[in-house]
Structures are given as C-alpha cells and as structure tokens.
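Welcome! Let us look at how charged side chains pair up in the structure below.

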Amino acid sequence: MKLYNWGKYPFSDANLHLADSYSTVGSTLNQLSGQAVIPRGNGRCYGDSALQENVCSTLKLNKLLQLDEVSGTIRLQAGVLLEDLLSVLVPKGLFLPVVPGTRLITIGGAIAANVHGKNHHHAGAFGNHVQSFKLLTADGQLLLCSRTKNETLFKNTIGGMGTTGIVLEATLLLSKIETTYYQQKSYLATSLSHLFELFEQHHAQPYLVAWMDGLAAGNQLGRGVLHTGKPCTRQDLASQTMPNPLKVHPPAKLSIPGIVPSWLLQPIVLRLNNLYYRWSNRKSVQHIKHYASFFFPLDAIKHWNNLYGKRGLLQYQFVLPFSSSTDGITAVLEAIKASRLCPYLVVLKRMGEHTPYAATDFPMPGYSLAIDFKYSSKVLDLFHLLDEIVIQHSGRIYLTKDARLPAAAFQKMYPEAVLHSPHIFRSLQSERLFDL
Ligand SMILES: Cc1cc2nc3c(=O)[nH]c(=O)nc-3n(C[C@H](O)[C@H](O)[C@H](O)COP(=O)(O)OP(=O)(O)OC[C@H]3O[C@@H](n4cnc5c(N)ncnc54)[C@H](O)[C@@H]3O)c2cc1C
C-alpha cells in the first residue's frame, strides 16, 4: 500500500504488518527473515522516519495494562494513543507530564522521538518520565529496559527513531492535576529580540510558546506573540462556570476534505491571518483554556494537512544553543525572506537543560523554531541553505519532522550517531542519513 506520514512527502510502497500481540510482532520479524523493517505508531512524524518497504504498525497494541493511582504510574502497550490514554487519566486527576502539540501519537512514537512540549524548560522531554519499557530487539529477545536494566538500550531507544527495536510496552510516570484547565496570558513582541526578552522574563512560567509572524521584515523581523501558561487550581475556577473541573477533551468536529481550493494558502490570506492574530492578542489579558485548546489547538481540525494540497507540507524544525540563537534565527528568517517562499505556521519554543538519550535525540538548551511550508522543489533548495546556517550556529534539526536532510549535513548535526541494527530496524530516513 501507499504509505506516508503527516507531511505526505515522501511516500513508500509498503507492506504494512499490523501486530495485535507480542507474538505476532515476533513472527513478523521471523517471516521477514532479515529484511529491513521499521516500527510505526500513528504516522504523525512528518517525513520518512516511519517509512520502509516493511512497516510494523503497533496501533493494535493498544491496551492499558496497570494503573497505580497511588504511585502515579501506568503500564501500557506501545500503540496506545495519547488521546485514549488521557480520556482514562483525566477523570482521575492524572495527566502526562509532557505532551507534544498533538494528542494523536502513540506511546512508542513519543519514546522513539523523545517528544517535547511547551514545558521543556521545566519538565524536560517525554523520556524523562519513562520508567521502563519492553523492547523486541533484532535477535528476537524481549528485553526490559530501564535506567538500571539494559541501560544502554534504554538510552539509545529514547530519541533513537525506531532503530534499536520495537517498543511493545512501557511504564510511565504521571503527574497529578486539580483541574484540566490552564491560565494563558499572551504578550505581543515587536521584534525577535523583544520576543527573546519576553521568554526570559517569563521563564518561571511552566509553559511557554510563541507564535511568530513569518512575513515580518526589517526591524520587525521575528515579531510575534508569546503565550505563557500555568495549570488552574480548583480555587482559580471558583468564579467560572465550569461544571466539570476534570473535563476530558471533546472529539474533533471539523475536518478538511481531501481537496481544498488552492487560494486558501495564498500569501495574502496568510498576511491577513497574521494581522488578525496579532490584533486579537494585542492586550495581555488572561484566558482560561481547556487542555484541548491549550496543548492541542491543531487537533480541533482533523486532516488539516490537506490544506497544503496533494503534494503536502514540509516542516523545518531546528534548535540552536542560547549563545547563537539571535544570530542563527535572524539568519534563517532572512534566508526565508530572500527566498520569497511563504512560511505558514512559525512556532518558537525555549528548551531547558537536557541530558541526551540516543545520539539522535533532538533537544538541547536553547531556542527551537519550527516552520511549515507547502511542498515545492524550491523549498527543498531553501532547506539546504538553512542546514548550512543551522550547522554554522552549532544547531541541529528535529529528525521526526525531517524528510530530506542529506547524510553529510546530518553527520555534522549529530556527530555521535550510529545505526544500531542496520540490517533490521531501519527507515527510509535512516538509509538516507547513514548513506546506506
Ligand atoms: C500536528 C503535530 C504537532 C506536533 N507537535 C509536536 C511537538 O510539539 N513536539 C514534538 O516533540 N513533536 C511534535 N510532533 C511530532 C510527533 O510528536 C512525533 O513525530 C511522534 O514521534 C509521532 O508519533 P507516532 O506515534 O505518530 O509515531 P510515527 O510517526 O508512526 O513514528 C515516529 C518514529 O517513532 C518510531 N516508533 C513508533 N512506534 C515505535 C515503537 N513502538 N517502537 C519503536 N519505535 C517506534 C518510528 O519508527 C519513527 O521513527 C507533532 C506532530 C504533528 C502532526
């Protein structure tokens, strides 16, 4: 079947093996007798990290195995979606300490990419809250991995992009919540340096993320809106009319059909949208937001990637150390401006201290910028230029968003990276990055 991930570029003709028990995963590996295969969660990576001729889907390994409300831990299968897990945890006053910008990913995908949210500066990445997992390795062993057992495999799997084996189940640490609501405040920034100042000023807030106006130029380059957030207590909700302080997310009601009119993504529409976004956030008022719109605003519209048309979208997400963030991000924004290509969604996050797990683990202390473009060959050319800027400023790009990074640039960004089981667990991405 034709298989692609969220960006719809590239695709592969793949044999999709749907595993519904640990033994079927084992027998699939046996049947493949040494052919390359890659584990797959919900295909929410953007490029080719979960593509290969043989793909092993974990979506049917979706059982919750053991919830311990006292210690705040859960043991569950790797194909469970965050969305389904939260529906069970939330009514009990429990949550995940780290969530990315979509709840439509699996536990296995969260571990393999070591995903981060807007609280990386406070809570680190997803892997920090993984107690242990069971991994099926290339030689058919099912190994329990933790910080004290099979430590190297534990480390290499978190952020390892599916190349060490297939995570079949995991035990996660949970956090306690009083309510499912968050207080969000927004601050308008007139330039990139202003945005950085705001980030530093509000650093004590547990959640920080900024929207950036990718069309701004000159001394307004990098202008945007910083959103800060913190959890609401029951007391904070006392004056509100919230019938259920532990309300679960509602299902998405809107959906973008397969074919959408191309004018929707015209630069003028984006310009108007950016103006409106800045205008609607011009006052720093506090809003109470449910976690669905606070953490996962994009999940409100199913298949929003269809907006980018049949050829799909490409995202460029990179991180730079604090010391080179101003120069590096300015250079990236100027290169985009000079290309005359249209950056649709631009999001800036601040990352905190990070002890890397796998050699391909993405986070580092500094600033991370993610930029969405409609697919075109010109965008691919621009990305080569951006790679050079990122390398010059000692940064790296996020592999779970990547669809095209050349091997030479990858080796400069991730100099310690090695492929752990090159003959079995490898994606189209790892073949490209390791020049296989
Ligand atoms: C709208 C949107 C917003 C996003 N926001 C963020 C964000 O804020 N922060 C962030 O960090 N990421 C973000 N992402 C990226 C997303 O969280 C990651 O790509 C995640 O890995 C996808 O999980 P998945 O279950 O869909 O895995 P897939 O996309 O299917 O696979 C991703 C990788 O995980 C590996 N993998 C999957 N399951 C297993 C398993 N059981 N065992 C071993 N390896 C496995 C695959 O081989 C592949 O390398 C976002 C993505 C989207 C679409």
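In this predicted model, Asp 402 forms a salt bridge with Arg 432, their closest N and O atoms being 3.1 Å apart. A salt bridge here is a side-chain nitrogen of Lys or Arg within 4 Å of a carboxyl oxygen of Asp or Glu. The pair links distant parts of the chain, 30 residues apart: Asp 402 sits in the loop between S22 and H12, and Arg 432 in helix H13 (residues 428-433). Helices (H or I, at least four residues) and strands (E, at least two) are DSSP runs, numbered from the N terminus. Asp 48 joins in too, as Asp 48, Asp 402 and Arg 432 are linked in a network of salt bridges.

A search of the whole structure finds 10 salt bridges. Among them are these:

| Pair | N to O distance |
|---|---|
| Glu 69 and Lys 92 | 3.9 Å |
| Arg 404 and Asp 387 | 2.5 Å |

How open are these side chains? Buried means under 20% relative accessible area, exposed over 50%, and partly exposed in between (1.4 Å probe, protein chains only). Asp 402 is buried at 2%, while Arg 432 is partly exposed at 21%. Arg 404 is buried at 11%, and Asp 387 is buried at 3%. Glu 69 is partly exposed at 40%, and Lys 92 is partly exposed at 41%.

Residues are numbered from 1 along each chain as its sequence is written. Because the model is predicted, local features need pLDDT of at least 70 and side-chain atom pairs count only at pLDDT 80 or more, while totals for chains, interfaces and linings use all residues; side-chain values use heavy atoms, leaving out hydrogens and water.
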